[in-house]
Amino acid sequence: MRPYVVVNVAMSADGKLSTRERRQVKISGAQDFTRVDRLKAGSDAVMVGIGTILADDPSLTVKGEDCRQHRKNRGVCEHPVRIVVDSRARIPLEASILHKGNGLRIVAVSEKADPKKIAALKPVATVIVAGEEQVDLTTLMDELGTMGIRRLMVEGGGELIAGMIRARLVDEIYTFVGNMIIGGRDAPTLADGEGFLAEEEFPWLTLIETRRIEDGVLLHWKVGQPDQR
Ligand code: NAP
């Protein structure tokens, strides 16, 4: 059984995830940070693309002591499984995600990845090979399901989310829209990639909830047509 996939991103009022230089920007405040930390703590695994690792070097650990304790009380590791989608195994061996916090790390690569780099990753991460050129996300989801991952949070960035949406693997999307404009035609957005050309191809969404958080708004979507469409 494939995992239930929840995407979470913060975007500016003009829909950008970061600057055109792919420099990380603080889009949301403390209250939203806590919401995201709880969402992560409630997931079996959290996943990002290699672009996000190279740009931001996140550890993807659960930060709140209460959230970590809650996970331990449930008898699971204090951090979810952390996954990087990285066809050619470009992840630096010193990346924070490979060293900060305990728990399983997975690097998903394609057959194009250098076997020497795969061997170098093995002491710190489980390597899954899926796909010939790029990581085949459907195969990867099947593999994660087999490993017992039921709920997966995808934290970005725009290329990986676009790939997940195109492969129809996303179930829910949270977008926090912050009160600033970042601008730039090359700045990443929620779904980059090739884009869809025809309306018949668009994945439609059903709005579940809108909530004001500090100076922005949280939009919670389910992927799929609303009943009345
Ligand atoms: P990304 O989505 O993190 O990673 C994209 C890379 O994933 C691709 O270039 C590709 O590289 C790899 N990949 C492997 N298989 C794939 C597949 N089947 N489909 C799609 N991608 C696949 O990178 P990004 O779009 O450049 O986003 C990074 C930016 O987003 C950074 O600026 C970061 O700050 C920002 N960000 C913002 C938020 C937010 O909430 N505001 C969250 C996360 C990231 P290979 O072909 O080499 O594998």
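## Basis of the description

A polar contact is a pair of N or O atoms within 3.5 Å; within protein, one must be able to donate a hydrogen and the other to accept it, and residues adjacent in sequence count only if both atoms are side-chain atoms. The structure is a predicted model, in which local features need pLDDT of at least 70 and side-chain atom pairs count only at pLDDT 80 or more, while totals for chains, interfaces and linings use all residues. Residues are numbered from 1 along each chain as its sequence is written, and side-chain values use heavy atoms, with hydrogens and water left out.

## The ligand and its surroundings

An N or O atom in the side chain of R90 is 2.8 Å from an oxygen atom of the ligand. From the backbone, an N or O atom of L17 lies 3.1 Å from a ligand nitrogen atom, and a polar atom of G49 is 3.3 Å from a ligand oxygen atom.

## The sheet

The model contains an open sheet of 9 strands with mixed pairing, in the order β5-β4-β3-β2-β6-β1-β7-β9-β8. Helices (H or I, at least four residues) and strands (E, at least two) are DSSP runs, numbered from the N terminus, and two strands pair if DSSP finds at least two bridges between them. The edge strands, each pairing on one side only, are β5 (126–129) and β8 (205–213). From one strand to the next, the twist averages 20 degrees.

Strand β1 (residues 4–11) pairs with β6 (residues 151–154) in the parallel sense over 4 bridges, and V6 has M153 as its bridge partner in β6. Strands β1 and β7 also run parallel, joined by 6 bridges; here V9 is partnered by T175 of β7. Helix α6 (residues 158–166) packs on the sheet and touches β1, β2 (45–49), β3 (81–85), β6 and β7 (172–177), where contact means heavy atoms within 4.5 Å. The direction of α6 makes about 110 degrees with that of β2; axes are lines fitted to C-alpha atoms, for helices over the stretch in contact, and angles run from 0 to 180 degrees between N-to-C directions.

Buried means under 20% relative accessible area, exposed over 50%, and partly exposed in between (1.4 Å probe, protein chains only). E172, Y174 and F176 point one way from β7, whereas I173, T175 and V177 point the other way.

Strand β7 is joined to β9 (residues 216–223) by 6 bridges, and the two run antiparallel. V177 has V217 as its bridge partner in β9, and Y174 stands opposite H220. H220 of β9 also stands opposite E209. Strands β8 and β9 pair in the antiparallel sense over 8 bridges and form a hairpin with 2 residues between them. In the turn, E214 has a positive phi of about 50 degrees.

## Nonpolar cores

A nonpolar core is a set of buried Ala, Val, Leu, Ile, Met, Phe, Trp, Tyr and Cys residues joined through side-chain atoms within 4.5 Å. The largest has 30 residues, and those with the most contacts inside it are M47, L140, M141, L144, L152, V154 and M164. At least two residues of this core come from each of β1, β2, β3, β4 (105–109), α5 (137–146), β6, α6 and β7.

Leaving aside neighbours within four places in sequence, L144 is in contact with P3, I83, I106, I128, I149 and L152. A second, separate core has 27 residues, including L39, L60, I97 and F176.

## Backbone features in loops

Most residues other than glycine have a negative phi, and most peptide bonds are trans. R22, in the loop between β1 and α1 (30–41), has a positive phi near 60 degrees. R22 is partly exposed, with a relative accessible area of 38%. A89, in the loop between β3 and β4, has a positive phi near 55 degrees; A89 is buried, with a relative accessible area of 4%.

The peptide bond from G156 to G157 is cis, with omega near -5 degrees. G157 lies in the loop between β6 and α6.
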